[in-house]
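Hi there,

Here is the structure I promised to send over.

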Amino acid sequence: MRQSQLFTKTRREAPKDEVSKNAQLLIRAGYIHKEMAGVYSYLPLGLRVQNKIRQIVREEMNKIGGQELIMTSLQRKELWEKTKRWSDEAVDVWFKSELKAGGEVGFGWSHEEPIAEMMKNYVASFRDLPIYVYQFQTKLRNELRAKSGIMRGREFVMKDMYSFCLGEEDHTRFYNQSIDAYTRVYERLGIGDDTFVTFASGGAFTQFSHEFQTIVETGEDTIYINREKKIAINQEVLNEKTLKSLGVSREELEEVKTAEVGNIFNFGTQKSEDLGLHYKNEKGEQIPVWMGSYGIGITRLMGVLVDKFADAKGIVWPEAVAPFRVHLIELGGDNEDVKREAEELYRELESAGVEVLWDDREARAGEKFADSDLIGIPLRIVVSEKTLAAGKFECTERASGKAEHRSLSELIGYLS
Ligand code: ATP
Ligand code: MG
């Protein structure tokens with residue numbers, strides 16, 4: 001893509017009321033637009049990053065048998081009443097509205113109830129199970145505080161998966177597979193070493209649920225970890241009983257700031273019983289379906305990646321999610337040879353399947369470099385009179401600042 005055609009511009013200052021680091025950088029670099037507190041639009045660069053995160057998650061969910069769908073955002077009051085979750089006392093983040101035709105609707109903050117209700121149309125016998133479905137969807141939540149930029153939105157994208165199983169054994173098998181799938185997602189995003197499967201409260205019939213927590217200074221959560229034993233416990237369940245059952249002592253645990261990037265939950269059969277989701281077993285008996293839910297905060301993850309890897313100059317994307325692989329910087333003013341060389345390199349890279357943002361703008365070198373640092377694309381390649389004379393391009397890694405000079409064939413080899 002030619003940068004001269006990109007409608008977004010970088011800016012020196014973020015909005016005055018924006019206190020979060022990720023939102024400040026993302027707004028300044030042109031990835032997102034702040035609509036109001038906790039509500040952000042995703043611009044072309046931001047959408048590219050979001051889609052890459054989605055695609056990694058999608059691939060891993062498909063690998064464990066997930067089928068993608070998309071549920072509605074408007075939800076029926078009656079369903080949530082059946083599970084006693086319609087009231088604002090039970091769920092403190094509801095957005096609700098009234099239909100002109102009469103009656104109330106809720107805006108989806110989560111989808112367990114509607115999806116369980118919907119499944120009554122498709123589940124009749126044991127032969128129909130298990131079913132694993134997931135979606136990427138914009139959730140709406142009336143969060144009281146929205147100070148962490150895209151890490152806590154009032155509108156945000158979540159991947160939510162739901163499992164419908166025959167019973168506990170069937171459920172546990174999938175639950176463990178989902179832990180592995182989630183682990184692969186965070187590894188692919190470059191945060192595997194700093195993301196912990198964390199014991200948390202909740203979970204029907206089981207003592208714990210599991211959160212996936214990533215170490216990041218700006219995180220809102222505090223957890224207690226032991227890196228060697230790969231044990232992590234959140235604040236709610238840090239007590240004698242938990243420590244004993246996990247075989248660790250408090251002294252062995254280190255306190256760290258984290259952001260919850262995902263969680264998985266065992267519902268047992270409670271929700272199915274409340275909503276009447278049953279299947280017929282081999283003996284013809286009606287059995288309630290065993291349910292689980294599995295969330296990943298897609299847009300929160302994007303914020304975590306910004307906060308975690310950014311440096312004083314700007315964003316530093318992990319390669320797997322960067323909007324482009326290469327930032328091609330043309331520095332030649334009116335020099336026709338430089339222009340031609342840059343265009344040729346752009347075409348070569350594109351045809352080799354490398355995604356390139358080509359800074360073909362009329363701008364000073366200093367401005368181009370500052371923008372490039374702010375935008376955070378992993379590899380910068382400079383084409384100038386100097387590189388033309390040398391017969392090699394200047395290639396600089398955004399993360400390390402390491403520079404090397406490469407010929408076209410060396411460059412293609414390096415990038416593939
Ligand atoms: P938190 O404790 O941070 O409020 P939660 O327990 O409400 O999270 P879930 O309802 O299980 O989270 O949602 C699944 C995932 O969605 C979370 O693990 C998190 O990554 C993400 N998420 C939750 N709330 C938000 C939000 N307001 N903005 C962005 N992402 C969110
Ligand atoms: Mg919450």
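Which strands each supply at least two residues of the shell around ligand 1? They are β8 (155-165) and β13 (254-268), where strands are DSSP runs of E, at least two residues long, numbered from the N terminus. β13 gives the largest share, four residues.

Before the rest, some housekeeping. This is a predicted model, in which local features need pLDDT of at least 70 and side-chain atom pairs count only at pLDDT 80 or more, while totals for chains, interfaces and linings use all residues. Residues are numbered from 1 along each chain as its sequence is written, chains are lettered from A and ligands numbered from 1 in the order in which they are written, and side-chain values use heavy atoms, leaving out hydrogens and water.

Now the ligand. Of the 13 residues around ligand 1, the nearest are R141, E143, G153, E260 and N263 (near means a heavy atom within 4 Å). The shell divides into five charged residues, four polar and four nonpolar; Ala, Val, Leu, Ile, Met, Phe, Trp, Tyr, Cys and Pro count as nonpolar, Asp, Glu, Lys and Arg as charged, and the others, Gly among them, as polar.

Oxygen atoms of ligand 1 take part in these pairs (polar contacts are N or O atoms within 3.5 Å):
- a polar side-chain atom of E260, at 2.6 Å
- a side-chain N or O atom of R141, at 2.7 Å
- a backbone N or O atom of G297, at 3.3 Å

The protein buries 81% of the 580 Å² that ligand 1 exposes when taken alone (Shrake-Rupley method, 1.4 Å probe).

Best wishes

Technical notes
A polar contact is a pair of N or O atoms within 3.5 Å; within protein, one must be able to donate a hydrogen and the other to accept it, and residues adjacent in sequence count only if both atoms are side-chain atoms.
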